[in-house]
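This report walks through one protein model, part by part. Please keep the sequence and the picture at hand while reading.

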Number of protein chains: 2
Amino acid sequence: MTYTVYDASRAPNPRRVRMFLAEKGVDVNYVQLDIQKGENLSPAMLAKNPMGKLPILELADGTCISETDAICTYIEAMHPEPPLLGTTPLEKGIVGMWQRRVDQCLMLPVTQCFQHSTGYFKDRMTPVPAFGEQAGKDVVAFLDILDARMGESDFIAGDAFTVADIIALCAIDFARVVKIRLAEHQENLKRWHQLVSARASASA
Amino acid sequence: MTYTVYDASRAPNPRRVRMFLAEKGVDVNYVQLDIQKGENLSPAMLAKNPMGKLPILELADGTCISETDAICTYIEAMHPEPPLLGTTPLEKGIVGMWQRRVDQCLMLPVTQCFQHSTGYFKDRMTPVPAFGEQAGKDVVAFLDILDARMGESDFIAGDAFTVADIIALCAIDFARVVKIRLAEHQENLKRWHQLVSARASASA
């Protein structure tokens, strides 16, 4: 089985997929695209993903799966070990809950803060700076909630490393571009960040 | 197995869970909360979901799972028939891709348009009207993409009814509150809307 992933090395969602694949030990051909130049919006790429986003997973027969969560769902089904989305129904539910929380309350506002406050993609969307600023405040508020959570367990969804840790790491590291960093008092989160950053997959 | 769902009958995400459970034929005790009055923000409810959102699924032992997608993941694992998230790895990937697209390009901007343009939750968030207006334009643009897709298959993710249809129906029906409706020329989408609205679960 040979996979191709259309990648953008500095963007946070492609990094999620690279980490997920590295944790699984799955080999992939990576094709780099420059999203600032809009290489992801060429007719050839829009045929692979009409939404014009990266990453995209291409299977050996040319079938394309886009959307980071969907790529992870497919890879988990094809390569179940080690499990990153939970194994029992309850684990799947709890992992899914934290996956969604860090995605919508951290990754989403980090990327919205970036896009709306910097105007990086102003050729393809309408930035609203006041909303970007608000999104940044939402990120800062959620980091305190996550810090409290990290006082309860080693990893975000419980005792095991999961996709929720991958999303949170990629979001927190990317937040540097909008000058948001972990605060001095967020000791639990800093411990977790050190633990997760030390994994080989973090540099995938 | 007895489930309790903390519900808000007029909100779009609780409706997603009601439809999902109705399709599965799973019985549930529903507890209604008034989100405008902030009943979901009481200490008792925040103990069940610190994010203060609905719906919440409570298991017989008191364990709570929040986030609509995570509730659906748990229910699918516990009650696999009929499958609403795909069965083979490829189906899971393709369903997941459309689930995410309709969630992030339709449901999310519909609710953001509502929250930011009406100020409905201004006691608990900072509305940015210019962003609400932009979100509404994003919804209208995505409905044309979805209309083109519905020229290719009976349901959004392919030949079978899935969670993607549930999300899209709940988002499109809720969009009436911001005066967005299917356009005259969106014939494929109108056919799909009629087909899906006729299911018993649509009135759950």
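The bounds of the domains, which come from an automatic or database domain assignment, are 3–78 for domain 1 of chain A and 89–203 for domain 2 of chain A. Their centres, taken over C-alpha atoms, are separated by 21 Å. Contact (heavy atoms within 4.5 Å) involves 15 residues of domain 1 of chain A and 18 residues of domain 2 of chain A. The two domains of chain A bury about 1500 Å² between them, 60% of it on carbon and sulfur atoms; buried area is the accessible area (1.4 Å probe) that two parts lose on being put together, summed over both. Arg15(A), Arg16(A) and Met19(A) supply 39% of the area that domain 1 of chain A buries against domain 2 of chain A, more than any other three residues.

Three salt bridges are found across this interface of domain 1 of chain A and domain 2 of chain A, a salt bridge being a side-chain nitrogen of Lys or Arg within 4 Å of a carboxyl oxygen of Asp or Glu. Arg16(A) forms a salt bridge with Asp103(A), and the closest N and O atoms are 3.1 Å apart.

## How to read the model

This is a predicted model, in which local features need pLDDT of at least 70 and side-chain atom pairs count only at pLDDT 80 or more, whereas totals for chains, interfaces and linings use all residues. Residues are numbered from 1 along each chain as its sequence is written, chains are lettered from A and ligands numbered from 1 in the order in which they are written, and side-chain values use heavy atoms, with hydrogens and water left out.

## Between the two chains

Chain B has 37 residues in contact with 37 residues of chain A, and the two chains bury about 2900 Å² between them, 71% of it on carbon and sulfur atoms. Met51(B), Arg100(B) and Arg101(B) supply 20% of the area that chain B buries against chain A, more than any other three residues.

Four salt bridges are counted between chain B and chain A; one of them joins Asp69(B) to Arg100(A), with the closest N and O atoms 3.1 Å apart. Nine residue pairs, both at pLDDT 80 or more, are in polar contact between chain B and chain A. Strand E4 (64–66), helix H3 (68–78), helix H4 (89–118) and helix H5 (129–149) of chain B each supply at least two residues of the side that touches chain A, and H4(B) gives the most, with 15 residues. That side of chain B has 20 nonpolar, eleven polar and six charged residues.

## Symmetry

Chain B is superposed on chain A by a rotation of 180° with 0.0 Å of shift along its axis (RMSD 0.0 Å), which is the relation of a two-fold axis; the copies are superposed by least squares on the C-alpha atoms of residues with pLDDT of at least 70 in both. The same surface serves both copies, as 100% of the contact residues of chain B recur in chain A.

Methods
A polar contact is a pair of N or O atoms within 3.5 Å; within protein, one must be able to donate a hydrogen and the other to accept it, and residues adjacent in sequence count only if both atoms are side-chain atoms. Helices (H or I, at least four residues) and strands (E, at least two) are DSSP runs, numbered from the N terminus. Ala, Val, Leu, Ile, Met, Phe, Trp, Tyr, Cys and Pro count as nonpolar, Asp, Glu, Lys and Arg as charged, and the others, Gly among them, as polar.
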